[in-house]
Amino acid sequence: MNAIEMKHVTKSYPAFTLSDVSLSLPSGCILGLVGENGAGKSTAIRLLLNGIARDSGEITILGRDNRSKEFVQTKEEIGIVLDEAYYPEVLSAGTVGKMMQHTYKSWQQDTFVKFLDRFSLSDKKQFKEYSRGMKMKLSIAVALSHQPRLLILDEATSGLDPIVRDEILEIFNDFTRQEDHSVLISSHITSDLEKISDYIAFLHQGRLLFCEEKDRLMEEYGILQTTVKSLSEVPPDAIIARREGKYATELLVKRALLSEAFDVERAGIEDIMLFLVKKEEV
Amino acid sequence: MEIIIRNSSSQPIYEQIYTQIKDLILNGALAEGDALPSIRGLAKDLRISVITTKRAYDELEREGFVNTVAGKGCFIAGANRELIHEENLKKIEAHMQAIRQLAKGCGITNEDLIEMFRILEVEE
């Protein structure tokens with residue numbers, strides 16, 4: 001079963017269009033959504049939650065159409081973390097917990113308390129005194145404390161230091177130890193997504209360039225450094241994109257089409273992203 | 001059981017897992033009937049993709065190294081002697097080729113090599 005399914009979803013604004021996006025997140029997996037600022041990541045996430053209405057297409061989450069009446073019940077099973085946490089400034093973590101008890105039917109106070117403890121968040125301190133990292137941790141604690149089956153995270157790790165980010169990624173990693181738990185995480189920190197994702201979806205200027213298994217991407221693509229002279233030896237159909245430098249040319253290549261003789265380096269998600277975006281601009 | 005994943009390696013991750021588990025079976029560290037960790041458990045502990053881990057397990061099963069019992073997990077298959085023998089032969093061949101290349105490079109003849117081998121045997 002797919003935890004998330006988007007089929008040909010389109011949403012138009014006067015200055016921006018998210019066009020014909022189709023992607024799916026198989027249950028039990030982590031899908032990383034990458035793309036530059038303004039690529040449409042947040043729009044896609046808001047469409048998923050039906051926070052904004054789509055113009056056309058279909059969206060099914062945990063087996064339910066997100067426009068159906070019953071979607072309210074499905075929302076109980078979705079843990080959401082947006083890039084900014086919005087809680088009233090004077091509330092403390094303790095009172096946020098009490099508030100959530102009345103918001104979610106499946107709220108588990110003891111889980112929440114455990115997370116506060118794990119994140120070293122005092123339940124007395126007021127929200128306005130929180131650092132960005134603490135705000136994020138509080139949102140994540142809330143998202144995980146009502147027995148969700150799906151986590152949707154919009155830039156949940158941006159603006160945090162590497163240690164906190166790693167700590168948070170580990171929690172998402174642990175969360176998916178259960179087969180029916182899935183995660184959608186958007187970020188422009190590609191290294192984070194490279195660490196934990198099973199699938200990578202790449203949005204660019206409102207269009208989906210690809211949605212593929214991460215390790216397959218890594219196996220399929222590689223970077224090859226060549227000189228102008230030896231460029232002619234590279235089979236043309238193996239070259240996907242190129243970046244000309246003053247002294248050498250860097251190529252994004254399909255590994256499978258090149259012999260062992262070529263010294264192909266590993267291409268990270270970031271390399272693939274940069275090359276493909278450059279190619280689009282040409 | 002020890003498995004080391006190198007992200008910088010040009011060998012695909014599923015292949016790294018496949019080879020290392022296969023080696024553990026061939027050198028006897030994993031014996032017939034031993035349970036392998038669950039796919040999901042191993043993936044999460046190694047912090048790698050579940051799909052990739054499944055690919056490695058599928059490959060091991062296809063090659064006859066493990067059996068999957070529905071609902072129970074993956075187990076090391078009964079020693080396929082011929083298979084292991086074949087694997088070891090391949091390894092020996094590879095080593096011999098390396099020796100020959102080295103010897104060629106410094107002018108040592110095949111006879112010298114055989115002589116060296118005899119001396120080794122005697123010393124043992």
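Helices (H or I, at least four residues) and strands (E, at least two) are DSSP runs, numbered from the N terminus. Chain A has ten helices and 14 strands by this rule. This is a predicted model, in which local features need pLDDT of at least 70 and side-chain atom pairs count only at pLDDT 80 or more, while totals for chains, interfaces and linings use all residues. Residues are numbered from 1 along each chain as its sequence is written, and chains are lettered from A and ligands numbered from 1 in the order in which they are written.

**Chain A as a whole**

The C-alpha trace of chain A spans about 70 × 40 × 35 Å along its principal axes. Of the 282 residues in chain A, 36% are buried. A residue is buried if 20 or more other C-beta atoms lie within 10 Å of its own, exposed if 12 or fewer, and partly exposed in between, with C-beta atoms placed from the backbone. Two residues are in contact if their C-beta atoms, placed from the backbone, lie within 7 Å. Among contacts in chain A between residues at least 6 apart in sequence, 68% join residues at least 24 apart.

**Strands and sheets**

Two strands pair if DSSP finds at least two bridges between them.

| Strands | Sense | Bridges |
|---|---|---|
| β1(A) (residues 2-12) and β2(A) (residues 17-26) | antiparallel | seven bridges |
| β1(A) and β4(A) (residues 56-61) | antiparallel | five bridges |
| β6(A) and β7(A) (residues 150-154) | parallel | four bridges |

β1(A) and β2(A) form a hairpin, with four residues between them. A:Asn2 has A:Pro26 in β2(A) as its bridge partner, and A:Ile4 stands opposite A:Ile61 in β4(A).

β6(A) and β7(A) belong to an open sheet of six strands with mixed pairing, in the order β6-β7-β8-β3-β9-β10 (chain A). Its edges are β6 (78-81) and β10 (207-213) of chain A, each with a single partner strand, so one side of each is left without a neighbour in the sheet. On average, neighbouring strands of this sheet are turned by 15° against each other, direction ignored. In β7(A), A:Leu153 is the bridge partner of A:Val81.

Two helices lie across strands of this sheet. Their angles, from 0 to 180 degrees, are taken between N-to-C directions of lines fitted to C-alpha atoms, for helices over the stretch in contact. α5(A) lies across β6 and β7 of chain A and runs at about 170° to β6(A). α6(A) lies across β3 (30-34), β7 and β8 (182-186) of chain A, at about 150° to β8(A).

**The core**

A nonpolar core is a set of buried Ala, Val, Leu, Ile, Met, Phe, Trp, Tyr and Cys residues joined through C-beta atoms within 7 Å. The largest has 86 residues, and A:Leu184, A:Ile185 and A:Ala201 have the most contacts inside it. Helix α5 (residues 132-144) of chain A gives the largest share of this core, seven residues. Not counting residues up to four places away in sequence, A:Ala201 touches A:Leu23, A:Leu31, A:Leu33, A:Leu208 and A:Cys211.

**Chain B and the contact**

The contact takes 14 residues from chain A and twelve residues from chain B. On the side of chain A that touches chain B, α6 (162-175) and α8 (214-220) of chain A each supply at least two residues; α8(A) gives the most, with three residues.

In chain B, B:Gly78 lies in the loop between β2 (73-76) and α4 (81-105). B:Gly78 counts as exposed because it has 10 C-beta neighbours inside 10 Å. The C-alpha atoms of B:Gly78 and B:Val66 are separated by 8.3 Å, the two residues being twelve residues apart along the chain.
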